[in-house]
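Please keep the structure open while reading.

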Amino acid sequence: MILEKLLRENICSLQPYSSARDEFKGDASVYLDANENPYNAPYNRYPDPIQWEVKVEISNIKNVPAENIFLGNGSDEPIDLVFRAFCEPRLDNVVAIEPTYGMYKVCANINDVEYRKVLLDENFDFTADKLLAATNLYTKVIWLCSPNNPTGNSLNSNEIIKLLELFEGIVVLDEAYIDFSSIDSFSQKLAQYPNLIILQTFSKAWGSAAIRLGMAFASTEIIAVLNKIKYPYNINILTQQQALKTIQSSVQVKDWVEILLQERTKLIESLKELDVVQHIYPTDANFVLVKVNDANATYNTLVEKGIIVRNRSNVSLCLDCLRITIGTPEENSVLIDELKIIS
């Protein structure tokens, strides 16, 4: 893969903004370079623009070299940056599975890039050939999400590999829910596939949606491009500090995942006994997609009781489906009790 051939011409020639902290590395006793207020430490100082300390800690947890890590304001930032880096508005296009996470399409529309949807099969899976058939010379990116949202299932790994080997553009694999899956992450295959970008997040298994921290793993060349076009100080010091604290509690995170997997099994077994439930789809995530008799009526009834799930009836292939996040044992019990009344 020749990255320059995939990048937008203006991005190739872009001279990025150079912040004060980019130009100086290390520690000093007097900082008079960035027009900061000298009082109210540490919040008076601009944060590390490349978040190196956080990346090193993530590297130790994820077994991905720190130089292959990009940190964004949620996963939505690297999603948007991929469009801005590789897709020329009104000329290039991207291909994505359908149904899937809605921000891929939103970012495509914001960046004025054609978004081509390829429906999944009856098992919510795909074939590389079908996705490739939807591409043309102007297809720069293919978007995959595994485990997928809102379907919950992991995509066929062999088909993902086939796509990586045959597609001459960028393949983005969103692994936001990988910590709940028995399928291995593709993060250990970065060296094999220079056209691969993997997205992960602190929002799910790590219980840190509020700090808005997303991760992108890719070749050093792609990471350099993302760093080139991001805003200079995209991750604030509070988020960096909390991320470091969360990483130090990785044992607790593993416990949370184990509890949620146990609760997922219990919730699915309870849902099977309800008349209102028609079908429960296989899941490798911290949620389950459930087909019910009347999703709109069931959703509205639950809302009236203060129970919020996600109605996915307006999504392709998900008519009368509710997406239910795995909660605490108490929250799951409240949901089941109310669904029993509806049944």
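## Cysteines

Cys 12 is partly exposed, with a relative accessibility of 35%. The model is a predicted one. The closest cysteine sulfur to that of Cys 12 belongs to Cys 87, and it lies 13 Å away, too far for a bond. A disulfide needs the two sulfur atoms within 2.5 Å.

Cys 318 has a relative accessible area of 0% and is buried. Its closest cysteine sulfur is in Cys 321, at 5.0 Å, which is also too far for a bond. With the cut-off at 2.5 Å, the count for the structure is 0 disulfides.

## Salt bridges within helices

There are 10 salt bridges in the structure. One of them joins Asp 80 and Arg 84, whose closest N and O atoms are 3.1 Å apart. Why are Asp 80 and Arg 84 separated by about one helical turn? Both residues belong to helix α5, which covers residues 76-86, and they are 4 residues apart there, so about one turn of the helix lies between them. Asp 80 is buried, at 18% relative accessibility, whereas Arg 84 is partly exposed, at 25%.

Helix α11, residues 250-272, contains both Lys 266 and Glu 263, which are 3 residues apart, or about one turn of the helix. These two residues form a salt bridge, and their closest N and O atoms are 3.6 Å apart. Glu 263 counts as buried, with a relative accessibility of 8%.

## A salt bridge between loops

Arg 90 and Asp 112 also form a salt bridge, with 2.6 Å between the closest N and O atoms. Arg 90 sits in the loop between α5 and β2 (93-98), and Asp 112 in the loop between α6 (103-110) and β3 (114-119), so this pair ties together parts that are 22 residues apart in sequence.

Is Arg 90 buried or exposed? Its relative accessibility is 75%, and Arg 90 therefore counts as exposed. Asp 112, at 35% relative accessibility, is partly exposed.

## A sheet and its helix

Four strands make up an open sheet, with antiparallel pairing and the order β8-β9-β11-β10. Which strands are at the edges of this sheet? They are β8 (277-280) and β10 (310-311), each of which pairs on one side only. The antiparallel pairing of β8 with β9, residues 287-292, runs over 3 bridges. Ile 280 has Val 290, in β9, as its bridge partner.

Helix α12, residues 295-304, packs on the sheet and touches β9, β10 and β11 (321-325). The direction of α12 makes about 35° with that of β11.

## Tyr 193

Where is Tyr 193 placed? Tyr 193 is in the loop between β5 (170-174) and β6 (196-201). With a relative accessible area of 9%, Tyr 193 is buried. Leaving aside residues up to four places away in sequence, Tyr 193 touches Ile 161, Leu 164 and Glu 165.

Tyr 193 can also be set against Arg 264. In sequence, 71 residues separate Tyr 193 and Arg 264, and in space the two are 33 Å apart, taken from C-alpha to C-alpha.

Notes: Residues numbered from 1 in each chain as written. Predicted model: local features only at pLDDT ≥ 70, side-chain atom pairs only at ≥ 80, totals over all residues. Heavy atoms only, no water. Buried < 20%, exposed > 50% of the residue type's maximum accessible area, 1.4 Å probe, protein only. Salt bridge = Lys/Arg side-chain N within 4 Å of Asp/Glu carboxyl O. Helix = DSSP H or I, 4+ residues; strand = E, 2+ residues; numbered from the N terminus. Pairing = 2+ DSSP bridges. Contact = heavy atoms within 4.5 Å. Axes fitted to C-alpha atoms, helices over the stretch in contact; angles between N-to-C directions.
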